[in-house]
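Thanks for coming. I will talk through one chain while you have the model open.

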Amino acid sequence: MASLGSALLLLAFLAAVVAAGLALAGRHGDRRRVDLSRRTVYAFCGLLTACVVIIEIAFAGNDFGFKIVSEHSSIETPPFYKLAAMWSSQEGSLLLWAWVLSIASSLALWAIRNKLREIVPYATAVMMGIAAFFTGLMLFAPDVQPFATLSPAPTDGTGLNPLLQHPSMMIHPPMLYSGYVAFTVPFAFAIGALITRRVDAEWIRATRRFALIAWTFLGFGLLLGARWSYTELGWGGYWAWDPVENAALMPWLLGTAFLHSIMVQEKRGMLKVWNATLVVGTFSMALLGTFLVRSGVLQSIHAFGDNTVGPYILGLIGVVVIGSTLLIVSRLDDLRSPKRIDSLVSRESVFLVNNLLLVGLTAVIFWGTFFPLISELFTGEKASLAAPWFDRYTTPLAIGLVLFTGIGPLLAWRRVSWDSAKRVFRVPLVVGAVATLALLAFSDAGHKPWALALFAFAAFALTGLAQEFWTGAQARRQLSGESTAGALVGLVARNRRRYGGYIIHAGVAVLLIGIAASSSFQTNRDVNLKPGERTTVDGRTITYVKPTVAVDEEKFTFGSVLRVEQGGKLIAYLRPSQRFFRPTGQETGTIGSFFAGEATSEVGLRPGPGSDLWIAERPNITAVQRRVRAADEGFAACVKGGPGTPPQCKSLRTLMLAARANPALRAQALEQISKLQGLAAENVAKTYLTDTAPATFKVIVNPLVTWMWIGGLIALAGALIALWPARGRRRGALVRTEADARKEAKYREIRDAELDHTLGKLSDDDFAAVDAELRREALEILDRQNGNGNGAHPHEPEKIEQS
Amino acid sequence: MDPQRKRKIRLVVSLSVAVLLAVALIYTSFSASTQAKEPSELVAAGPGNTVDMTGKVVPHSIRHVGNGIAFRVVDRDGSGKSLPVTYRGTVPDPFRGGREIVLTGSVENGTFVGEPETLITKCPSKFTTKSDG
């Protein structure tokens, strides 16, 4: 199987190279070659899928002849985690990268197969070049071959680190990778557009969806990682400004900026240089994230592997950054836009500000993440920056962002008159002010000015967004006579991009409220309690009712039952514990070996809309460990024999001697040993129940932290709404010419302006001006289309359906 | 004001703001950072500034002392003299002998005294290419 896998991987590599070559050979309009190249990309995807399937079959079937299986799985590893174990390895994660890229490339080329004829060959070559790079790494770089074998095959593997055995770890890495990888598509098409000088909005329209998919995956991956850290790592935090976390956040931030600024290019033809730079930056950051995890250049909580593939990926980043920069510079003349932003108070200028904030945020994080290298360069000493430094800069920038998530949706494109601004801003401003006063009067938010500012701006933003939905639904109801709820659904369904985006904004505002509240107003206490004792943290009385113990084949679990009361009323029983895992892959060993493997915390968590009560326990097992040592010594003495050993020892000893002579009895002897050891382990562990040594509890009261997760899920829902294909597209209207796409985009813009007018965001005069301008542009497109004889039937823009 | 001039002013203002921010960023990062040292660099040193010490925990050296723990660390490559360390506060789950840690603190009387809640133990799971798991 392994050699079949290697052969398939080699074929995949060749397919990627051939696809790139064919695409380039067909770049001057040879459709047959381009079609063939596209089919080769599909074949590449099929081959890599087969490779992944082979690896997964090996994991499922405990085929420890595969090096990757023996090092990352074991017989006892739960089936659910066997499937996920592939990407806990270096080589498996590279395979996942290449596989996701093959899927993304195939989907992109399939969706765009009848469009962008000039750009597609170059984009194919870029995507397949990168694909060949990663597939080549797995074939030719040392130590990262997924199909490496072990001979003879071990009888059991070393197992998957228990820390990673958490449901979100099953999907967190593939989510992040899909996010990183899907940014390849807009990047590749941008490069194609630059090479062919087709730098209008066509490539953006064709790949916008992929950028949004990438952004969604990356964002959801970050959220899952934060959740895992919060519930599994026993420190109670969700973000530590660790290099690996930063590496995933940076492309997400730049991707956010990109998703906004491409709208300006789509609608106004501006910011072309900026967009090209952003997409290159985003993709480079995604590669940098892939690199950082594999290089060991920075200190991180996540220990890194040896420096085997890091230098290659760094080389690729160098090629991407330098090549793209040269390309952009050589195309500056094509990228210049004759248009200027009409007004400082318009949606496009707000987008520009939000872009600056996001890029500024990325720059700060980049500087802080790479500061150890920078400092070494200038001072010769490695020095690092901790969370407070990051917070100092990211807090004000994030607060600015919240403000603009509220302002942006309230402004119309192109221009905003004073009257309409007054109309749309009145209610949100009043609500923001009232929220500030209420917080000052009824909470201690006044002591934390940054948090207060964030709450006020979030109140403003959420009100503004709610108002958008409300007035939109009202306007629709008057036209269609539906119920308010029906109008709301219809409104969102008709304008998925716009209202999906607003829902994302609301989700981000809610998420930031959760972050601000939980980081500014957290209560964090370490308490030592003996069974029966109690303590009070932030109004909650916590009683250590009793210690608990559990022993099974792979771990010792020491925990406790805690009773939590608030205001004299019982609100919960929490059961935090710590688990001690025996190093996996070890058939037998001393009982003490249980304390040589990994330990994990199972947090006692009571989530709530107001605040979470989070308790991790650090049991005091010094006494248990002492008794374990004694038991191990007793067992060793028993096996050795000698005067005064009990009769069971004698029979075990006889069995072991017999097993030495007759290998058939070996299994029986081993079983006997582990049975006796298990009994001993259980007896020793049970003594913990009567120990009176105090255990240490870390108690955290985290206000509003639940809203962080809820906000993330709201944003995810918004992204899915924005991504959901429009009805016409689902009915197979995917095959459209570029001219049709351009026309449709302009119609959508006219509809948007009409909607803005109905919602009162555009005054009558402004609407008249904007509408006339848009219709003139639409007519130009139609004229050009008819002149070219594309056979499209002319539409009068007046006939556009408005609902 | 003609639009050309207006744009130029806007550009100058925004560029100066960006430069100011960048200077602030650079200045604060050099003053707020803590130096990273390895145990062998600290063994010989007298009492000094607060540093981030990165090292490897010597197996079987961990003892519980009162409310905290005491252990010894060596350089990450396992070389050099070992440095005694004391620490009070939360001990991360993966902490044990042989693991790499980062701890903020300073040297007092030949012992590295860690500041509470600064002990970071590296998660050993990620992409280890050696077969020792």
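Predicted model: local features only at pLDDT ≥ 70, side-chain atom pairs only at ≥ 80, totals over all residues.

Residues are numbered from 1 along each chain as its sequence is written, and chains are lettered from A and ligands numbered from 1 in the order in which they are written.

Chain A is divided into domain 1 (1-161), domain 2 (166-346 + 355-376), domain 3 (386-521 + 705-735), domain 4 (523-704) and domain 5 (738-803); the bounds come from an automatic or database domain assignment. Domain 2 and domain 5 of chain A touch, with four residues from each. A contact here is two residues whose C-beta atoms, placed from the backbone, lie within 7 Å. On the domain 2 side, helix H9 (202-232) and helix H10 (243-268) of chain A each supply at least two residues. Helices are DSSP runs of H or I with at least four residues, strands are runs of E with at least two, and both are numbered from the N terminus. That side of domain 2 has four charged residues, no polar and no nonpolar. Asp, Glu, Lys and Arg count as charged, Ala, Val, Leu, Ile, Met, Phe, Trp, Tyr, Cys and Pro as nonpolar, and the others, Gly among them, as polar.

Next, helix H8 (residues 184-196) of chain A. Its axis comes within 8 Å of that of H9(A), and the two cross at roughly 165 degrees. Axes are lines fitted to C-alpha atoms, for helices over the stretch in contact, and angles run from 0 to 180 degrees between N-to-C directions. H8(A) and H9(A) are therefore roughly antiparallel, the word for angles over 145 degrees, while under 35 is roughly parallel, 65 to 115 roughly perpendicular and the rest oblique. The residues of this contact are nine nonpolar, two polar and no charged. Among them are Phe189(A) in H8(A) and Trp203(A) in H9(A).

H8(A) also packs on helix H11 (residues 272-292) of chain A, at about 140 degrees with the axes 9 Å apart. That pair is therefore oblique.

Last, the sheet. Four strands form an open, antiparallel sheet in the order E2-E11-E10-E9 (chain A), where pairing requires at least two DSSP bridges between strands. Its edge strands are E2 (523-529) and E9 (604-606) of chain A. The twist averages 15 degrees from one strand to the next.
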